[in-house]
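Please read them with the structure open beside you.

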Amino acid sequence: MNLHLRNPLPNVIRCLVATLALLMVGQVGAADGMDLAVVSGCFACHRGAGTAIGPSFVEVAKKSVDQKIAAEALAEYIVKGTGPDGRGWLKEGKAVLPFMPANNGVKPKDALRLANWILATKGEIPDLAHYVTEHLSISGSVEHPLKLGVDDLRRFPAKDLREIAVASQTPAVVGTTEKLKGVSLGALLNKAVMLSPGNDMRKVSIVVKSSDGHLISFSWCELFNSPIGDGVLVYFEKDGQPLADDEGRLALMSTRDTHLLGRHVRWLKSIEVRVIAD
Ligand code: HEC
């Protein structure tokens, strides 16, 4: 008897908990998909709703459902691009480029997550604000750890403040140049004063991280004993404007690399000096 009385209540609670858990998973899933799309660079060309360089994700979802294109097929386009003939979005007036280039950095498993997120999208607008960094720390094997904001960077001596013109990294304006203003990474590291046992700087590497978990590195030799070094800029202005949420307020680019996108760090958060152990 007691059992009969007791059981219904826990069941209701269990049901509620299960429903809540499902709802939460659903929400986290949507946010995850959005975050993944942001860090995979998809919003450089796509919008949730509205045509950009590529079709809006809402339109992609609609066409995929109409034409019964499965998530797996979309995932393949995401990784490999849509090939030289494209999928016709340009002809339909819903894209600016005739095809999507391969998204090289995207793993097949993430592409499938992106595809499923796109199929369920309601045209969400990415909230990039939570990636934006206002300060950058320089730490690790240094005499003076630093925490620098845009105003601190502006106060660097004129000889360290640089303006470097680079080929535009935004596909919409291919062929144009952008002027980045900032301080060279070398000057920042000199201010922090790097330390290495026995003063052997050849064992020093510099690890650069962004707020979305992106990580790249430089070697001391590359920065201070090669033509690349002078072109590594921690920048805070583009074409005379503060950096927008999609980059900023602080970013870094190695402007003399062969492929500029390779070492372009948006939402710059920290620079750590490490000494490689033997
Ligand atoms: C350089 C710009 C660019 C980037 C970056 C880009 N896309 Fe695209 N994408 C396009 C264009 C242009 C099209 C339309 C191409 C066509 O008609 O073949 C497209 C089409 C698509 C399609 C539709 C394929 C179909 O079935 O018709 C999907 C899905 C897609 N993109 C997802 C993504 C995802 C996810 C990312 C991020 C990993 C991404 N795209 C990054 C430009 C881009």
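1. The axes of α4 (residues 71-80) and α5 (residues 108-119) come within 8 Å and cross at roughly 120 degrees. Here axes are lines fitted to C-alpha atoms, for helices over the stretch in contact, and angles run from 0 to 180 degrees between N-to-C directions.

2. Before going further, note that this is a predicted model, in which local features need pLDDT of at least 70, side-chain atom pairs count only at pLDDT 80 or more, and totals for chains, interfaces and linings use all residues. Residues are numbered from 1 along each chain as its sequence is written. Helices (H or I, at least four residues) and strands (E, at least two) are DSSP runs, numbered from the N terminus.

3. Which residues make the contact between the two helices? On α4 they are Ala71, Glu72, Leu74, Ala75, Ile78 and Val79, while α5 brings Pro108, Ala111, Leu112, Leu114, Ala115, Asn116, Ile118 and Leu119, where contact requires C-beta atoms, placed from the backbone, to lie within 7 Å. By class, this contact of α4 with α5 comprises 12 nonpolar residues, one polar and one charged, with Ala, Val, Leu, Ile, Met, Phe, Trp, Tyr, Cys and Pro counted as nonpolar, Asp, Glu, Lys and Arg as charged, and the others, Gly among them, as polar.

4. The ligand is surrounded by 32 residues, of which Cys42, Cys45, Gly54, Thr82 and Gly86 are the closest; a residue is near a molecule if its C-beta atom, placed from the backbone, lies within 6 Å of it. The shell around the ligand has 22 nonpolar, nine polar and one charged residues. Helices α3 (57-66), α4 and α5 each supply at least two residues of this shell, and α4 gives the most, with three residues.

5. Five strands form an open sheet in the order β2-β1-β11-β5-β6, with mixed pairing, where two strands pair if DSSP finds at least two bridges between them. Strands β2 (146-149) and β6 (215-219) stand at the edges with a single partner strand each, so one side of each has no neighbour in the sheet.

6. Strand β11 (residues 268-275) pairs with β1 (residues 135-140) in the parallel sense over four bridges, whereas seven bridges join β11 to β5 (residues 204-210) in an antiparallel run. Serine 270 of β11 is the bridge partner of serine 137 and also of lysine 209.
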